[in-house]
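Please read them with the structure open beside you.

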Amino acid sequence: MSHWIIAPIILPALLAPILGYVMRHDVTIARIGSIAGTIAMVAISAGLFASAAGGDITVYRLGDWPAPFGIVLVLDRLSALMVLLTSVLALIVLIHAVATNWDAKGVHFHALFQFQLMGIAGAFLTGDVFNLFVFFEVLLIASYGLMIHSGGRQRMRAGLQYVVMNLAGSTLFLFALGTLYASTGTLNIADLAVRLQQIPVEEAGIVRVAAMLLMIVFAVKAALFPVQFWLPGAYSNAPAPVAALFAIMTKVGAYAILRVHNVVFGPDIEATGDMAGLWLFAAAIVTVAIGAIGVLGARRLLPLIAFSVLGSMGTLMLAIAAFTPGATTAALYYLVHSTFAAAALFLVADLIVKRRPGDSLTTLPATVQNGLFAALFFGAAIGMAGMPPLSGFLGKLFVLDNLRAPGQMAWAWSAVLAGSLVTVVGFARAGSALFWKSTAFVLPENTVTESEEEEEVPITHEPARAWEVAPTMAAIGALAALSVFAGPAARYLEATSDQIIDRTGYVAAVLSNPDGLKPYPKPHDAEDGGYEGDIAAKDDDHTTGEAH
Amino acid sequence: MELVVASAIGVLTAGGVYLVLRLRAFPVILGLSLLSYAVNVFIFSSGQLAVNLPPILQKYGEASYTDPLPQALVLTAIVISFGMTAVLVMIAIGAFLDSGTDRVNVSRDNSDPEDPVK
């Protein structure tokens, strides 16, 4: 049993307290430690990615307890891909934060950053839904700290709203898990998949409630309509590098739906049917529309980017909602693309906003390096909006190509195509106001510049150094690479989506016992005891548990 | 007993939802606490309610026992919600001190005309 699987969780978990307690007084040492740790994490996750690429599902049993009893970490193509994506994004964001001095504007940036990585990696690797909840909490509590990093009035209030929203979501998650446990008697994803197949349709009421509750919880994380409203406020008020890191946080919700609603509540399972897909599809259509309209209507740069992230989550969810192998492949491609596109936009916005009074999209005299920033913004924006030659175009084409079912095609195609057009218009308007008109603009004498963040934010007029621009370029470069190597990437992702949909392979890998331990001891019969409550579904599943 | 537990969960949830929908930070924190109490009792009862039974297997597994897993789950949930409430209180205090208002919604403009604190 390879112990490397747990390394992406252990490494940041050990590094963060050291950063927080030992290295906090010296920002240089903290930076070196944090960057070294993140580079190590990229290396580890690249190794895991290579080992999972062959198609083996590796199971790491914590405490060596066999699967339905102990908690397991599962490394398959999907989780390896997500962990690699997280660590690469984290490295890019961390270098940006260090180069632009964001990390020194408040305390404990690096410790919180590492805790955030631990939570995200854990959420991707775990094979147990309650453990997924715990890792959600780990990544959330770190994100609360990062969200209000360096303070400020507006940011603290947006942070409070973000915390309240997510705590309500966590409570809902617990309700969902309680319902799921009451109706199935297990919380291991593979074991749930086995038991769900045995629940007859007429007794599936509680399970369906649990499936929908879980979907709502994941939709809160993924910012789907009607629980998308926290995202623009949170992302546009968070420090820009943190917002760039948050690009992976919405993907955690998407990943959870991809995993749980394929393996456990898949469309071919009688108890739940295609209920999840239908609701997701409708919600995703509305999310695309809200994102596009928000991009067009935004009057400040950071909310504009936040709404474009919302639109991209809608497009991603459209593909996930189809629950077919082809659409899942497209969804994975678009997921990787939109993560880097959102990060690139937030990073370039940070470079621009630092050199302007506030981030409002009004025409002001051009900043230094106007051409460079314009080029970077242009690159990131065409990636996000889905114009060739970057991977956004291929990703959207891929998604649309796989949504050809009769009831699907008209809605999905018109939503994505119209949404893309509106997003292009919105970005073009923002770009021309920020970069183009500003070159010929001279500030009139008596104008008071409207600045929404009139407080402490100082404006620099220094040109950006190479290190400050490099992370943005790396993110855009990732989009270009994803576009150039679209063929190999699509083939790999096709294998990944086959593995996601192959429920039996996952279940067999997780529930197998190489040590010869009995997976199910004789279940205790609850009927003859002094139970006052007698839930029929629970008793049923005790007997069905015996059957295999 | 089911009736008592179920109605307790219901009342706690209803009160929690009502308080979360207030605009001020303090009622919202109270509401989230009520919600977390409700969900703790809910998880506790998800393994069936049993009275006077040990949460461990008796010898040979013949005697009845109450499901121990929800008890472990609820312990985790209590610890997490406790820590989260502490973080929430700190952030709410920070937001109040920074902005001079304890309203939870983020207004479009920064001036809150009806805000008595400012």
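1. A residue is called buried here if 20 or more other C-beta atoms lie within 10 Å of its own, exposed if 12 or fewer do, and partly exposed in between, with the C-beta atoms placed from the backbone. This is a predicted model, in which local features need a pLDDT of at least 70 and side-chain atom pairs count only at pLDDT 80 or more, while totals for chains, interfaces and linings use all residues. Residues are numbered from 1 along each chain as its sequence is written, and chains are lettered from A and ligands numbered from 1 in the order in which they are written.

2. Two residues deserve a look for their backbone angles, given that most residues other than glycine have a negative phi, and most peptide bonds are trans. A:Ala223, although not a glycine, has a positive phi of about 60 degrees, and A:Ala223 lies in the loop between α8 and α9 of chain A; helices (H or I, at least four residues) and strands (E, at least two) are DSSP runs, numbered from the N terminus. A:Ala223 counts as buried because it has 27 C-beta neighbours inside 10 Å. A:Asp64, also not a glycine, has a positive phi of about 60 degrees and sits in the loop between β1 (58–61) and β2 (72–75) of chain A, but with 10 C-beta neighbours inside 10 Å A:Asp64 counts as exposed.

3. Where are the cis peptide bonds to check? One joins A:Phe225 and A:Pro226, with omega at about 5 degrees, and A:Pro226 is placed in the loop between α8 (205–222) and α9 (230–237) of chain A. Another runs from A:Pro388 to A:Pro389, with omega near 10 degrees, and A:Pro389 is found in the loop between α14 (370–385) and α15 (391–401) of chain A.

4. The axes of α12 (residues 301–322) and α13 (residues 325–353) of chain A come within 9 Å and cross at roughly 175 degrees, where axes are lines fitted to C-alpha atoms, for helices over the stretch in contact, and angles run from 0 to 180 degrees between N-to-C directions. α12(A) and α13(A) are therefore roughly antiparallel to each other, a term used for angles over 145 degrees. Among the residues that make the contact are A:Leu301, A:Ile305 and A:Leu316 of α12(A) and A:Tyr334, A:Leu345 and A:Phe346 of α13(A), two residues being in contact if their C-beta atoms, placed from the backbone, lie within 7 Å. By class, the contact has 18 nonpolar, five polar and no charged residues; Ala, Val, Leu, Ile, Met, Phe, Trp, Tyr, Cys and Pro count as nonpolar, Asp, Glu, Lys and Arg as charged, and the others, Gly among them, as polar.

5. Between the chains, 35 residues of chain A are in contact with 38 residues of chain B. On the chain A side, α5 (129–147) and α6 (153–184) are the elements that give two or more residues, and α6(A) gives the most, with 18 residues. That side divides into 19 nonpolar, eleven polar and five charged residues.

6. Chain B has three helices and zero strands, and buried residues make up 34% of its 118 residues.

7. On confidence, chain A averages a pLDDT (the predictor's confidence in each residue, from 0 to 100) of 86, and 90% of the residues score at least 70. Please treat two stretches of chain A with care: pLDDT stays under 50 over residues 450–455 and over residues 518–548, for which the model has 46 contacts beyond four places in sequence.

Conventions:
Angles under 35 degrees count as roughly parallel, over 145 as roughly antiparallel, 65 to 115 as roughly perpendicular and the rest as oblique.
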